[in-house]
Amino acid sequence: MTESAPIISIKGLTKTYDNEHQALKGIDLDIREGEILALLGPNGAGKTTLISAICGLVSPSSGTVTVAGYDIIKDFRKTREMIGLVPQELTLGAFERVGNTVAFSRGLFGKAPNAKFIDDLLDELTLGDKKDNMVQQLSGGMKRRVLIAKALSHEPQILFLDEPTAGVDVELRKDMWSIVERLRQSGVTIILTTHYIEEAEEIADRVGVIAGGELLELEDKKTLMEKLGKKQLVVELKNGINTIPSELGEYGLELANDGLKLTYTFDARQERTGMTTLLTSLSQAGLVVTDLNTRQSSLEDIFVDIVKADA
Amino acid sequence: MNTQAVRAIYTAEMRRTRNTLLQSVAAPVISTALYFVVFGSAIGSRIESVDGVAYGAFIVPGLMMLSLLTQSISNASFGIFFPKFTGTIYEVMSAPISFFEILIGYVGAAATKSMILGVLILITATFFVDLRIAHPFWMLGFFLLTCVSFSLFGFIIGLWADNFEKLQLIPSLVITPLVFLGGSFYSVDMLPAFWQKISLLNPVLYLISGFRWSFFEVSDVGVGISLSMILVFLLVCIAIVWIMFKTGYKLKP
């Protein structure tokens, strides 16, 4: 990805709530135009506060945020026009029709009414036949779609998705990722928060790890995984063993599958992984190897490591 | 100025009224008609005229004020309280819209509803009593000022209230007594001297008095004082709303 001026630039952002809970402890973050950034972190990490501060729902205690070069407080009209937000909670007025509430959002963000655009948007979210339904009659998944439609109603250049797939069925999840993909192709910058690691792994370009109000890591997804990823070498044995031979003690092997499988965990960042010596030692111990297999650890493992190291 | 946003809020609020037509418009009109039947026709026929005005006609301005005040407050307070309660306020707060524009949208819609209601009550009244309006412009002025300032007041209550109980508290415990004791159904002259003095502390008295003057040219206090009182009330409400918005009161942590 080319290094251009960031679309969102966050500098020294802190937020301390009235109850003295410090939700953000000095976040510095540049978000690139057109990327999909996943903010990963456990509940209460500060993800929603961060998003809320950028969108104008929470007043920052200190620090600055600019969107496309505009300050979010001084030039709030310019910055907010560019942003669409899908909140975490299913917050919808009860006594409203789907079409009306989406058109309302468009107007609220300063755009002239455009019935065709709203109709197309509803169709894309498979809400076309629900246009005249009352919002409270919809299922949870459908309500989520309405919230997405509302967030996209004013054609934003930046989309925030706060825990988009919490309590969402497989179908909607798939639909959501295809919408995200289409938006990315049209140049929309997407920031999503999640505590589902697979989600970040699946669609993000970069992953930021947030815990305790601090941004602990921010890397390209691949780099992050390579940088911090542990690899495992799984060795299949011809003849099962009951115990790991003492000469192999130093490798910290795990025995599984009725003694037919040995797992060796190593750090991919090290220059010497120890694989070669392990194989030599295996043959010296008289074990016959039938298969070898290496695998990368998932973002989940990485995440747990980072948060643990920080704690 | 984000006129699209103001329009969007105003339209959505007016749509809410249409959806709840029975509750928003029919109910107040019916209850006012009942007042006319009971106080105007049944009891009123046994009461002499007050200050030279037939009792049935005399209570019209007071009854209109009763409805305008309670309905302005309830419309505006509910209009802003409900999105707060359901959480949909996030959208308004994240929109490229100033607090002033939010205010025009919500308060404008609430005031419009009250005006429609006031006109309906006036029309209803003509079925029961002979009515004349001595000073139509003054009447319209008091009418508009009351709708706007009490919608503003309702908006403040809606922002302040964090549960349904608080939402009902001020309208039922403060406004309704003030209206009833403010001379809706009687002239302050009819009270003992001590209570006349106490009544002068009631701001609603000035409203009703001024409004009644614009109909019948009879009043408890000077019309100039009445007008000043409502303007002061309007300015106080604007000041409170302004401070609330500046500090993000209960809207923005």
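Mentor: Let's settle one term before we start: helices (H or I, at least four residues) and strands (E, at least two) are DSSP runs, numbered from the N terminus. This is a predicted model, where local features need pLDDT of at least 70 and side-chain atom pairs count only at pLDDT 80 or more, while totals for chains, interfaces and linings use all residues. Residues are numbered from 1 along each chain as its sequence is written, and chains are lettered from A and ligands numbered from 1 in the order in which they are written.

Trainee: OK, I clicked on Pro136(B). Which helix is it found in?

Mentor: Look at the run of residues 136–160 in chain B. Pro136(B) belongs to that run, helix H6 of chain B.

Trainee: Is Pro136(B) buried or exposed?

Mentor: Count the other C-beta atoms (placed from the backbone) within 10 Å of a residue's own: 20 or more means buried, 12 or fewer exposed, and in between partly exposed. Pro136(B) has 11 of them, so it is exposed.

Trainee: How far apart in space are Pro136(B) and Cys147(B)?

Mentor: In sequence, these two are 11 residues apart. From C-alpha to C-alpha, the gap between Pro136(B) and Cys147(B) is 16 Å.

Trainee: What is the radius of gyration of chain B?

Mentor: The radius is taken over C-alpha atoms, and the rule for a globule is 2.2 Å times the number of residues to the power 0.38. The C-alpha atoms of chain B fill a box of roughly 60 × 35 × 35 Å along the principal axes, and 44% of its 253 residues count as buried. For a compact globule with 253 residues the rule gives a value near 18 Å, which agrees with what chain B has: 19 Å.

Trainee: How many helices does chain B have?

Mentor: From the N terminus on, the elements run α-α-α-α-α-α-α-α-α-α. Chain B has zero strands, and its helices number 10.

Trainee: Which element gives the most to the side of chain B that touches chain A?

Mentor: Two residues are in contact if their C-beta atoms, placed from the backbone, lie within 7 Å, and 24 residues of chain B are in contact with 29 residues of chain A. The elements giving two or more residues to that side of chain B are helix H1 (3–19), helix H3 (55–86) and helix H4 (89–93). With eight residues, the one that gives the most is H1(B).

Trainee: And by class, how many residues on that side are nonpolar?

Mentor: Ala, Val, Leu, Ile, Met, Phe, Trp, Tyr, Cys and Pro count as nonpolar, Asp, Glu, Lys and Arg as charged, and the others, Gly among them, as polar. That side of chain B has eight polar and five charged residues, and its nonpolar residues number 11.

Trainee: What is the strand order in the open sheet of six strands?

Mentor: Two strands pair if DSSP finds at least two bridges between them. Strand S6 (83–86) and strand S10 (214–220) of chain A each have a single partner, so they stand at the edges. The pairing is mixed, and the order in chain A is S6-S7-S8-S3-S9-S10.

Trainee: Why is S8(A) called largely enclosed?

Mentor: S8(A) pairs in the parallel sense with S7(A) over five bridges, and five bridges also join S3(A) to S8(A). Thr189(A), Ile191(A) and Thr193(A) are buried on one side, as are Ile190(A), Leu192(A) and Thr194(A) on the other. S8(A) is called largely enclosed because its buried residues number six of the six.

Trainee: What angle does helix H6 (170–185) of chain A make with S8(A)?

Mentor: Axes are lines fitted to C-alpha atoms, for helices over the stretch in contact, with angles from 0 to 180 degrees between N-to-C directions. H6(A) packs on the sheet, touching S3, S7 and S8 of chain A. Its direction against that of S8(A) makes about 150 degrees.
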